[in-house]
Amino acid sequence: MTVFTVHTDLLFDSKKKEFVKDISIIIDGDTGLITEVVERKNALPDSIHSPDVDLRGKVVCPGFVDAHTHIFLHAYDEAPSVVQKRDESFVERIVRAVNHCRLGLMAGYTTYRDLGSESMKEADANIRDAINRGLTPGPRLFVATRVIASTAAYEPRTENHLGGTCVPAGCDSADGADELRKAVRRRIGHGADVIKFYADYYRRVMRFPPKQQHPYIPSMRFQPVDPNPDLVVFQDEEMDAIVSEANLAKAPTVAHADSKEGILAAARAGVLSIEHASRAGEEGLRLMKDKGVIFVPTMAIFELILQERFGKVVENLQLAHKLGVRLACGGDTGTFPHGENAREMEIFIEAGISVEDTLEAGTVGGWEACGGDLCGRRFGWFEEGCAADIIALDTDPREDPKALRKVSFVMKDGRIWKQDNEPVDLFSP
Ligand SMILES: [Zn+2]
């Protein structure tokens, strides 16, 4: 193939965290990598000819990274999680995932860190491979396959134990250091890029089953103040076993944790990132900062499911930013529609985090959350040797709060998937 150049006149440099002018990016179409980033001194001609690309007049960014997605989930306000897992066929869920991946890519998301197949076994690894083989459009996927949790900690559950209702398992359950090492080995053997475990969860949900758990069964009357608290599901030595085993395989470890105890335990165990962490508080955030843990606050799902507590969650994010905790943007996308991924970055900006810091968290922060150089490919910034993941916005996010949704050009690995706001060749890999 050819070497070609993408010309820009306003570009976000995610390493410098500033907008820069008159940059041209030279790309090797065979490798999909950037070979040179040049600051232009001389004026360009008015018209640029193919295969070179003219993005002058637009705001160019590195492809966005959504650091927390679920390709097999569609919006919870269409169907609760347990209903999707119980009632939708394997084939329907695969077809939906293919659509979700296309929508994410069209929205400028060239990478997804997909954190759990949600009862679809290792099918996320298969979708990843289909995309990487050029069979269907989508972001570059880093997948967790099944999440790891202790016995009965994270499962779709029903009250009917007599065999009438079939709900596929949600996770790879294991207990004790030896079993957990085996569970990590199973995940690695099945093709996981990242190891995700639950540090805490609503493990006592069957005491006061909420309506979402059993859509056809009424909720309990007279509920206690906190009917379904997040409770730690692993002993410290169990979390240590997961992390050390994943380290052997050079796979990053990701913890779901939202209670203070769960957050502290996961951070002490040395995970790469903690998901949610809305109850971290200053103690939790300081430990995350000291241990270099990446915070993926999943604001977009909290905005949907929390009413009065959302303000506190925003304060937690603001404190994390002030303390200098490493941030990455991932909305738990899938629980709300794929294609609306940018809501996470919008909430960061609405919370008072600068556009520059937000875009950096949504690009370089995402690459780090995927494992950084453990990924085997660099993306999220413009430099020789990085993947040519280039997107363009029609308006400037420093002026237009909706700019991050106005993605009119998408290139991933040097291939154009969207141009002039239209999909390009989606069906000819
Ligand atoms: Zn999630």
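A charge is taken to sit over a ring if NZ of Lys or CZ of Arg is within 6 Å of the ring centre and within 35 degrees of the ring normal. In the present predicted model, local features need pLDDT of at least 70 and side-chain atom pairs count only at pLDDT 80 or more, whereas totals for chains, interfaces and linings use all residues. Residues are numbered from 1 along each chain as its sequence is written, and side-chain values use heavy atoms, with hydrogens and water left out.

Two contacts between a charge and a ring are described here. The charged end of Lys15 sits over the ring of Trp381, at 4.2 Å from its centre. Arg140 lies over the face of Phe379, 4.8 Å from the ring centre.

Rings of Phe, Tyr and Trp (its six-membered ring) pair if their centres lie within 6.5 Å; planes under 30 degrees apart count as stacked, over 60 as edge-to-face and the rest as tilted. Nine aromatic pairs are found in a search of the whole structure. One of them joins Phe12 and Phe19, and this pair is tilted because the planes stand at 55°, with the ring centres 5.1 Å apart. Phe12 is buried (under 20% relative accessible area; exposed is over 50% and partly exposed in between, with a 1.4 Å probe and protein chains only), its relative accessible area being 0%. Phe19 is likewise buried, at 13%. The aromatic pair of Phe142 and Phe379 is stacked, with 5.9 Å from centre to centre and 25° between the planes. Phe142 belongs to strand S8 (residues 140–143) and Phe379 to the loop between helix H12 (364–369) and strand S17 (390–393), so the pair ties together parts 237 residues apart in sequence. Helices (H or I, at least four residues) and strands (E, at least two) are DSSP runs numbered from the N terminus. Phe142 and Phe379 are both buried. A single aromatic cluster is formed by Tyr154, Tyr198, Tyr201 and Tyr202.

Backbone geometry was also examined. Most residues other than glycine have a negative phi, and most peptide bonds are trans. The peptide bond from Ser50 to Pro51 is cis, with omega near 10°, and Pro51 lies in the loop between strand S3 (33–39) and strand S4 (53–54). Thr298, although not a glycine, has a positive phi of about 45°. Thr298 is placed in the loop between strand S16 (294–296) and helix H8 (299–305) and is buried, with a relative accessible area of 0%. A positive phi of about 65° is found for Asp332, which is not a glycine either. Asp332 occupies the loop between helix H9 (310–323) and helix H10 (343–350), and is buried at 6% relative accessible area.

Val293 lies in the loop between helix H7 (281–291) and S16 and counts as buried at 1% relative accessibility. The C-alpha atoms of Val293 and Ala369 are 9.4 Å apart in space, although the two residues are 76 apart in sequence.
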